[in-house]
Amino acid sequence: MITTNYTFNYDPIHVKQSTFKAGLSAKVHRWFRLTPSYAPDLVQEMIQKLGCSKGDTILDPFSGASTTLIESQLEGYNCYGFEINPFLHWVGKTCCNWSVDVSKLTKYKNLVDEKFAELSKLINFNNLDNYGLEVPPIHNPHRWWNDDVITDLLILKKIINEEIQEKDIKDFFLLSIAAVLVPDLSNVTLGKLQLHFIDRSHENINVMQIFSNHFEEMKNDLFEIQEHDIKTQSKIFNTNSVTLENVEIEKDINCVITSPPYPNRYSYVWNTRPHLYFLDFITTGKEASNLDKDTIGGTWGTATSILNKGIIEPEFDFLKDVWDLVEDIRTDDNLMANYVMKYFNLLAKQIKAMETLPQKDLRCAYVVGNSRIKGRYIETDVYLAQIFEGLGYEISEIHRFRKRNSGKDLFESIVYARKNLA
């Protein structure tokens, strides 16, 4: 353990208030489940701790399923988000668009129901080609979905794409598909970190019923939000938060509330592959592995090949403690040593990249998780605090609010930092 002068807070926050589970029943947050997400309650906790005031602008550089943006928007804050994964970027944009006409949703849903009843009598898995339908090019699609489920999903997608011309309406319908694609309609169960395949070949999975139930839940949420006439908005960029291509920020950023990937080899790209393929964001495995290569914490495909070669060194002097840890890991495994070094290099570069954005009295809250790699304890929260200090921030507190299930020292933490104005 690293010796530091940081203030540690060990007050626990219950799992129902800190993890994705709280979002499963929360308005809008339940539109799309992303298991590694934190809870909307945790966003409220960070908003209060940072002293965000109405009129402030909040940024999430790793927006994921846009928990921060949705909750901030509900609480009356304008927001920006950055997301490298094109599918999750689309999810965030769709979830934060509350101007969709509810009456049109109802009208088009009736049309979709009628068309589906017609086409499902004509189309089966063996004649998909006759109707211009193609099975998603993901590796071994039959492992992901039963043949009849694939057929019904393709019919449903075909109807939505052909019958609905208004983009915001179409996106709302497609998000309803994306939300139930995994695990509800798939041969998959969601574990703590990764997807696990199961046998559902003997189940009668009613695609239209499951889709319709979720669609109605989303539509009801939207109706309630519009009743409250919320004026705040979010803008989400499909960009790498380290390089910030094509980012235009008009307002000063006051607060950053985010959670970068943890150094645990979890791949958001790998786990969103069925969505990326089915909704036509990618068509080849190479696209997926190249995307993972650029993400913080990515080790899948091309990223693994790169990490296996040579030695990745620290890009900043204040990463000395990380480098000492990395060199220790390297005695057992060069790939994992390079993985850890790349992770903290990119994390530092992301925080430094924020210097280019318009900002005022910047306060930051980063949710991170400590890990063990090759038996070594990765104190992510402490190393992150060192990065902040090295880039001119003051650390107000490290709040270790939850012990992760995989080990007594593996805390999830919030690192609170403020730009040093001296």
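Student: Which residues of helix 2 are buried?

Tutor: In this predicted model, the buried residues of helix 2, residues 40-50, are Pro40, Leu42, Val43, Met46, Ile47 and Leu50.

Student: What puts these residues on the same side of helix 2?

Tutor: They cover an arc of only 150° around the axis, so they sit on the same side of helix 2. After helix 2 comes Gly51, with a positive phi near 70°.

Student: How many disulfides does the structure have?

Tutor: A search of the whole structure finds zero. A disulfide needs two cysteine sulfur atoms within 2.5 Å. For Cys95, the closest cysteine sulfur is in Cys96, 6.6 Å away, which is too far for a bond.

Student: Is Cys95 called buried or exposed, and why?

Tutor: Buried means under 20% relative accessible area. Cys95 has 2% relative accessibility, so Cys95 counts as buried. Cys255 has a relative accessible area of 0%, and is therefore buried.

Student: Why is His202 called exposed?

Tutor: The cut-off for exposed is over 50%. His202 is at 79% relative accessibility, so His202 counts as exposed. His202 lies in the loop between strand 5 (195-197) and helix 9 (207-228).

Student: What is Asp229 called, and why?

Tutor: Partly exposed falls between the two limits, under 20% for buried and over 50% for exposed. Asp229 has 47% relative accessibility and therefore counts as partly exposed. Asp229 is in the loop between helix 9 and strand 6.

Student: What stands out about the phi of Asp229?

Tutor: Phi of Asp229 is near 55°, a positive value in a residue other than glycine. Most residues other than glycine have a negative phi. Ser66 also has a positive phi, near 70°, and is not a glycine. Ser66 lies in the loop between strand 2 and helix 3. With a relative accessible area of 0%, Ser66 is buried.

Student: How do you know that the peptide bond from Val182 to Pro183 is cis?

Tutor: Omega of that bond is near 0°, and the bond from Val182 to Pro183 is cis. Most peptide bonds are trans. Pro183 is in the loop between helix 8 and strand 4 (188-190).

Student: Which residues have the most contacts inside the largest nonpolar core?

Tutor: That core has 86 residues, and those with the most contacts inside it are Trp31, Phe32, Met46, Phe87, Leu153, Phe173 and Leu175. Helix 8, residues 167-181, gives the largest share of this core, 10 residues. A second, separate core has 53 residues, including Ile249, Ile296, Phe316 and Ala385.

Student: What is Phe173 in contact with, leaving aside its neighbours within four places in sequence?

Tutor: The contacts of Phe173 are Leu105, Tyr108, Lys109, Val112, Ile160, Ile164, Phe211 and Phe215.

Student: What makes strand 1 and strand 6 edge strands?

Tutor: Eight strands form an open sheet in the order 1-11-12-8-7-2-3-6, with mixed pairing. Strand 1 (8-9) and strand 6 (234-238) each pair on one side only, and these are the edge strands.

Student: How do you know that strand 11 and strand 12 pair?

Tutor: Pairing needs at least two bridges. Nine bridges join strand 11, residues 393-403, to strand 12, residues 411-419, and the two run antiparallel. Opposite Ser413 in strand 12 stands Arg400.

Student: Which strands does helix 3 lie across?

Tutor: Helix 3, residues 67-74, lies across strand 2 (57-60), strand 3 (78-83), strand 6 and strand 7 (253-258), and runs at about 175° to strand 3.

How values were computed:
Residues numbered from 1 in each chain as written. Predicted model: local features only at pLDDT ≥ 70, side-chain atom pairs only at ≥ 80, totals over all residues. Heavy atoms only, no water. Buried < 20%, exposed > 50% of the residue type's maximum accessible area, 1.4 Å probe, protein only. Helix = DSSP H or I, 4+ residues; strand = E, 2+ residues; numbered from the N terminus. Arc of directions from axis to C-beta. Core = buried A, V, L, I, M, F, W, Y, C linked by side-chain atoms within 4.5 Å. Contact = heavy atoms within 4.5 Å. Axes fitted to C-alpha atoms, helices over the stretch in contact; angles between N-to-C directions.
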